[in-house]
Amino acid sequence: EAQGIKVEDLDEDDFDEARREWEREERQKKADEYLKKRGEGISISDVLGREYFGPMDEPDDDYGVASSSFDSFEARKELLLGYSELTVEDCNNVIDFKVDPLATGYNRYLSRVQKPFSEYGAIFRLEGVLADMIGMHGKAWKAVAVEHGYKIQSGDEVKQASLYKPEDAVREVFRWTDDIFYIKDIAHTHRVAFREAFDKWLESGANAVTASDGNDPEDSPNESSPKVTPSDEEMNSMYYLCWSKLSISLDNPPPTNDEVHRGVMGGDWEVAVKDIFGWSEDPSEIYDIVVAYDELLQVDYRVLLQKYGIDLDKVDADEEESLYGLQFPDLSLKEGVREWLDTLREVDMPIAIMTHLDSPQLDAILDATGLAEYFPPDKRVSSSDNYSSERSEMLGAALRVEQRPDECVIFDNTPHSSNEAHEIFMKSVSFVDHYARYELLTADLSVAFASDLDLISFVKLFDKRTDLEPALELDVTSGLQKQQRKVQTAFWDE
């Protein structure tokens with residue numbers, strides 16, 4: 001009827017012929033659709049008209065009644081995402097069956113040809129790799145040092161501590177104590193102080209600055225630093241006057257200029273009081289004398305510096321600011337990070353992010369730095385996930401990028417993270433900033449900036465070829481010919 005032929009006018013033979021023609025056309029349509037979808041694979045679920053559960057699936061099985069939590073890759077992945085401790089085997093068992101060729105007809109190796117970089121995974125640490133929060137951490141560690149009575153030796157310790165959890169920073173960076181209970185108290189103090197600094201940063205507008213290769217606060221000169229300072233003669237004269245004042249108050253013979261100069265050159269006033277001035281032999285009394293001298297010296301030194309326009313209080317404040325890293329901004333985006341992330345996104349490489357912060361803090365940092373578009377919520381690992389160790393955090397990130405751990409690269413800045421990555425068969429890339437290059441020898445690759453990275457160096461991390469290694473040059477000529485010694489013999493006729 002669709003072809004304009006009346007059905008009642010056809011006899012039985014003509015009707016069968018028309019039916020066969022219609023069936024051929026329908027099969028041809030299905031063949032055309034098959035050829036059209038041939039490059040994308042065939043879904044057996046579409047052919048069966050229902051969900052396909054694997055090669056053991058039988059048509060008479062009623063899967064609507066009995067279903068398992070391991071029906072699909074997504075179900076298994078969702079189950080593992082709820083774990084607080086993961087192993088390499090857990091991730092591999094799920095990732096290896098992400099694509100079932102028996103269920104889809106899709107060649108699992110075809111993607112390696114069409115999109116080779118999509119078979120790898122890149123995992124970034126927020127602290128020190130994508131952004132720096134040294135300013136906020138400096139305020140928090142200053143509050144910890146004041147409350148618990150500890151002393152920070154240098155600003156480099158605060159920079160390195162910003163890369164760790166508070167518990168690990170106390171043990172591995174500051175080395176204050178090994179008492180696990182006291183470490184918990186210190187970590188709690190740090191988290192409270194850091195949250196206060198973080199909230200103030202949010203109230204101030206949540207601004208982030210972009211760090212450049214030559215815009216390091218440590219390298220920039222201090223404009224307020226004085227250009228003229230007291231001379232050595234003035235300093236020696238001040239030392240002599242202080243010792244003279246102290247000798248009068250203690251009723252001791254005043255030292256001469258030569259004796260004071262010998263004490264300055266020796267660098268130890270306790271030795272000078274005992275051996276040069278000859279004032280006392282008692283160690284406790286010598287200590288009290290040096291303390292009294294130091295008090296007089298501080299007063300006279302402050303007066304001397306005021307003649308040169310130097311405010312000693314401001315100098316002390318600048319030293320304290322440098323000690324705790326307060327000269328750094330609260331949040332700064334690392335140079336070249338955005339360009340490197342754009343490169344990875346262009347080649348369809350899955351990426352994830354890890355951090356020691358909780359989830360709301362991570363979201364605020366990503367929004368402020370503009371990195372939220374690169375890391376959707378399902379690609380973020382934070383302390384809110386409650387992973388038991390750093391290894392589990394890395395494996396959780398690998399699970400989120402849906403790649404085997406041995407196909408992932410960790411971008412981190414600590415020697416400890418490189419060791420942890422190698423323990424779970426991951427590759428490690430470190431940036432030479434918070435640690436020197438010789439301290440990052442455990443990493444597979446160390447670079448100064450993200451702009452030094454490229455896709456070729458990334459793929460070389462997974463190069464398993466050994467024929468490119470130079471072979472040893474063997475000496476095959478020597479040792480083959482045995483040198484026979486001539487044996488001296490004696491015969492009867494000689």
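Student: What makes strand S3 and strand S4 (residues 332-333) a pair?

Tutor: Two bridges join S3 and S4, in the parallel sense. Two strands pair if DSSP finds at least two bridges between them, so S3 and S4 qualify. Within this pair, Thr-210 stands opposite Leu-333 in S4. The model is predicted: local features need pLDDT of at least 70 and side-chain atom pairs pLDDT 80 or more, while totals for chains, interfaces and linings use all residues. Residues are numbered from 1 along each chain as its sequence is written, and side-chain values use heavy atoms, with hydrogens and water left out.

Student: In what order do the strands of the six-stranded sheet lie?

Tutor: The order is S6-S5-S1-S7-S8-S9, in an open sheet with parallel pairing. S6 (380-381) and S9 (445-447) each have a single partner strand, so one side of each lacks a neighbour in the sheet. S5 (residues 351-354) pairs with S6 over two bridges, and Met-354 stands opposite Val-381 in S6.

Student: How do you know how helix H20 is directed relative to S8?

Tutor: The angle between H20 (residues 415-423) and S8 (427-431) is about 165 degrees, and H20 lies across both S7 (408-411) and S8. Axes are lines fitted to C-alpha atoms, for helices over the stretch in contact (heavy atoms within 4.5 Å). Angles between N-to-C directions run from 0 to 180 degrees.

Student: How do you know where the buried residues of H3 lie around the helix?

Tutor: Phe-73, Lys-77 and Leu-80 are buried in H3 (residues 73-81). Seen down the axis, the buried residues fall within an arc of 65 degrees, so they line one face of H3. The arc is that of the directions from the helix axis to the C-beta atoms. These residues pack against H4 (88-95) and H19 (390-401).

Student: What is the nearest side chain of opposite charge to Glu-157?

Tutor: It is Arg-175, 6.3 Å away. Lys and Arg count as positive, Asp and Glu as negative; His and the chain ends are not counted. A salt bridge needs a side-chain nitrogen of Lys or Arg within 4 Å of a carboxyl oxygen of Asp or Glu. Glu-157 is buried and has no salt bridge. It sits in helix H9 (residues 155-161).

Student: What sets Asp-251 apart as exposed or buried?

Tutor: Asp-251 has a relative accessible area of 70%, so it is exposed. It lies in the loop between H12 (232-250) and H13 (257-266), and its phi is positive, about 60 degrees, although it is not a glycine.

Methods
Helices (H or I, at least four residues) and strands (E, at least two) are DSSP runs, numbered from the N terminus. Buried means under 20% relative accessible area, exposed over 50%, partly exposed in between (1.4 Å probe, protein chains only).
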